[in-house]
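Please look over the sequence and the model below before reading on. The paragraphs after it are meant for someone meeting this structure for the first time.

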Amino acid sequence: FGPLPVGYAPDYAIEPMHDSYGRRINYMRISLTDACNLRCVYCMPEHMKFRPRHELMTDEEILFLVRVGASLGVNKIRLTGGEPSIRPGVVDLVAEIARTPGISDLAMTTNGLLLDKLARPLAAAGLKRVNISIDTLDAQRFHTLTRWGHVDDVWRSIRAAEEAGLRPIKLNSVIVRNFND
């Protein structure tokens, strides 16, 4: 399949999508990559093998799905991963999604390691808000839980997201019994 032309509108009426309970579906989650720059103990093995880049959806395929979703009543998009901020060209992809007619809310769920540098460009591209994962405030526990991460990097990203206007900022935590509960 090829990309839908800019401004594509079918020549027939399309009903908005509904789930089996009759609720309108206006929200789409898109995983930009399966790769991550952390190896959280509850998520994946330390030496995880990810899909080769050529097996992932291209930007054009993602934009095609966004346009189809928008034509079916989707107006909210959440970008996820793996870790979405490590996808090459993520700022340009965000800008294209944000420009899609009908898309009014664009959010990202991130571990925050790269957000201190990407918050302003992503906000300028059209990202509206972020969910940031932070499983503990204790630096040693954070490093142990993520295997590689540093909680200070996430704090810098939270501040950068706030300064860039990516609000509301929501914080996600995976609670592990007897470790960070």
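The model is a predicted one, and its protein has 5 helices and 5 strands. Read from the N terminus on, these elements run β-α-β-α-β-α-β-α-α-β. Of the 181 residues in the protein, 40% are buried.

Which residues of H2 are buried? They are Val90, Leu93, Val94, Ala95 and Ile97, and what covers them includes H1, S2, S3 and H3. Glu96 also lies in helix H2, but with a relative accessible area of 32% Glu96 is partly exposed. Glu96 and Leu63 stand 33 residues apart in sequence, while their C-alpha atoms are 7.4 Å apart in space.

Two packed helices are described by the angle between their axes and the distance between the axes. For H1 and H2, the axes come within 10 Å and cross at roughly 25°, and because angles under 35 degrees count as roughly parallel, H1 is roughly parallel to H2. The crossing in which H1 passes H2 is right-handed. On the H1 side of this contact are Asp59, Ile62, Leu63 and Val66, which meet Leu93, Glu96 and Ile97 in H2. Sorted by class, the contact of H1 with H2 has 5 nonpolar, no polar and 2 charged residues.

The residues that make the contact are Val90, Val91, Val94, Ala95 and Ala98 of H2, together with Leu118, Pro121, Leu122 and Ala125 of H3. What classes do the residues of the contact of H2 with H3 divide into? There are 9 nonpolar residues, no polar ones and no charged ones.

H3 in turn meets helix H5 (residues 151-163), with axes that come within 8 Å and cross at roughly 15°. H3 is therefore roughly parallel to H5, and the crossing in which H3 passes H5 is right-handed. From H3 the contact takes in Leu115, Asp116, Ala119 and Arg120, and from H5 it takes in Arg156, Ser157, Ala160, Ala161 and Glu163. In this contact of H3 with H5, the residues divide into 4 nonpolar, 1 polar and 4 charged.

A few residues in the loops complete the tour. Arg87 is placed in the loop between S2 and H2. Is Arg87 buried or exposed? Its relative accessibility is 4%, so Arg87 counts as buried. Leaving aside neighbours within four places in sequence, Arg87 is in contact with Leu32, Arg53, Met57, Thr58, Asp59, Ile62 and Leu93. Among these residues, Asp59 and Ile62 of H1 and Leu93 of H2 also take part in the contact between those two helices.

Another arginine, Arg147, lies in the loop between helix H4 (139-146) and H5. The phi of Arg147 is near 70°, a positive value in a residue other than glycine. Arg147 is partly exposed, with a relative accessible area of 26%.

Further along, in the loop between H5 and strand S5 (169-172), is the place of Pro168. A cis peptide bond joins Arg167 and Pro168, with omega about 0°.

Technical notes. Residues are numbered from 1 along each chain as its sequence is written. This is a predicted model: local features need pLDDT of at least 70, side-chain atom pairs count only at pLDDT 80 or more; totals for chains, interfaces and linings use all residues. Side-chain values use heavy atoms; hydrogens and water are left out. Contact means heavy atoms within 4.5 Å. Helices (H or I, at least four residues) and strands (E, at least two) are DSSP runs, numbered from the N terminus. Ala, Val, Leu, Ile, Met, Phe, Trp, Tyr, Cys and Pro count as nonpolar, Asp, Glu, Lys and Arg as charged, and the others, Gly among them, as polar. Axes are lines fitted to C-alpha atoms, for helices over the stretch in contact, and angles run from 0 to 180 degrees between N-to-C directions. Angles under 35 degrees count as roughly parallel, over 145 as roughly antiparallel, 65 to 115 as roughly perpendicular and the rest as oblique. A crossing is left-handed if the near helix is turned anticlockwise from the far one by less than a right angle, and right-handed if clockwise. Buried means under 20% relative accessible area, exposed over 50%, partly exposed in between (1.4 Å probe, protein chains only).
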